[in-house]
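Below is a short note on the model, for reading alongside the coordinates.

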Amino acid sequence: MHVKVLQRGPGILALDNEDGTWNIEFDDGTDGDVPLGDIETAEETPPSNEHANGIRMVAPPWTEPKLEGWTRFVCFSDTHGLHGQIPKKHLPAADVLLHAGDFTNTGELEQVESFSSWLEAYPAAHKVVIAGNHDITFDEYYYTCRGALRFHPRREYDCTKARGLLTGCTYLQDSAIEVGGYRIYGSPWQPAFCDWAFNLERGVECRKQWTMIPSDVDILITHGPAAGHGDRCSSGIRAGCEDLLTEIQSRSILVAVAGHIHEGYGMSSDGVTLYLNASTCTHSYRPTNPPIVFDAPPVAMLREATVSAATAAGLRPPS
Ligand SMILES: [Zn+2]
């Protein structure tokens, strides 16, 4: 979560020291322990827990009961093989777990297996996972052409085994699944950066990929965030995808979940779609950002509310 610290400036809540102070990673690249009284929540956090389309954010410790007929979603991303080190208090029960990719450091098959065991044990009825640019063994073309040589020169993995080892979830790669009536679509691609897996050139390549998103998606999971939402790097540059934003805003997508830019952790809205950056790891790769939890009303009610929000905001026509 983005915060402002008196006399120090903006940063991100990194770790609760549980002694009345929090460790803050400042936007200027430094970090330090700060008393709770000096921390102000930054503007990016919506003042209300109720979103325009009816979605309700659930705050830690997530003990608030959900309403009858509603569905609780818990979102993680960018756990980078450190799922076992996520604080126990950050593992609330839910109906559906969503993970927006980078569950390994560089696609190590041992980490895929260990992540699968973690998923199997997680207290959620459904788990939906996509890959990210770090899950290089899931991008067979990339891994065989360049990834293995670059990252595992001494011990190449058999990347044809990667998907089979990921169990305990539904894995989406440019595909969709319906869970509890909600249509969920997942895609690992992001604008190219330093030649990692699932990279696409901005412009034509990205646009081509995003037009594959079906028009009737309720919840979209992409590894990379849309431009302007959860995409601000510590350098201040916004690294999100403009073309993804365009495609989201041409559909009545209720929730867009991403990760990738660890410093972009948090939530924002354009008045219709709720954008979540659920990066579990902080900028310095500590798995201490709490999961983002929301309750969604029954799907018909949610779609209706989203259409009215879209009409009210004059943002897009009802689909
Ligand atoms: Zn990451």
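1. The chain splits into domain 1 (1–43) and domain 2 (44–313), with bounds that come from an automatic or database domain assignment. This is a predicted model: local features need pLDDT of at least 70, side-chain atom pairs count only at pLDDT 80 or more, and totals for chains, interfaces and linings use all residues. Residues are numbered from 1 along each chain as its sequence is written.

2. The centres of domain 1 and domain 2, taken over C-alpha atoms, are 25 Å apart. To the contact, domain 1 gives 11 residues and domain 2 gives 11 residues (contact: C-beta atoms, placed from the backbone, within 7 Å). On the domain 1 side, strand β2 (residues 9–16) contributes the most, with three residues. Helices (H or I, at least four residues) and strands (E, at least two) are DSSP runs, numbered from the N terminus.

3. Six strands form an open sheet with mixed pairing, in the order β6-β19-β7-β8-β9-β10; two strands pair if DSSP finds at least two bridges between them. Its edges are β6 (56–58) and β10 (170–171), each of which pairs on one side only.

4. Strand β19 (residues 292–296) pairs with β6 in the antiparallel sense, over three bridges. F294 in β19 stands opposite M57.

5. In helix α5 (residues 242–249), the buried residues are D243, L244, L245, E247 and I248 (buried: 20 or more other C-beta atoms within 10 Å of the residue's own, placed from the backbone). Their cover includes α4 (204–210), β15 (219–222) and β16 (255–258).

Conventions
Two residues are in contact if their C-beta atoms, placed from the backbone, lie within 7 Å. A residue is buried if 20 or more other C-beta atoms lie within 10 Å of its own, exposed if 12 or fewer, and partly exposed in between; C-beta atoms are placed from the backbone.
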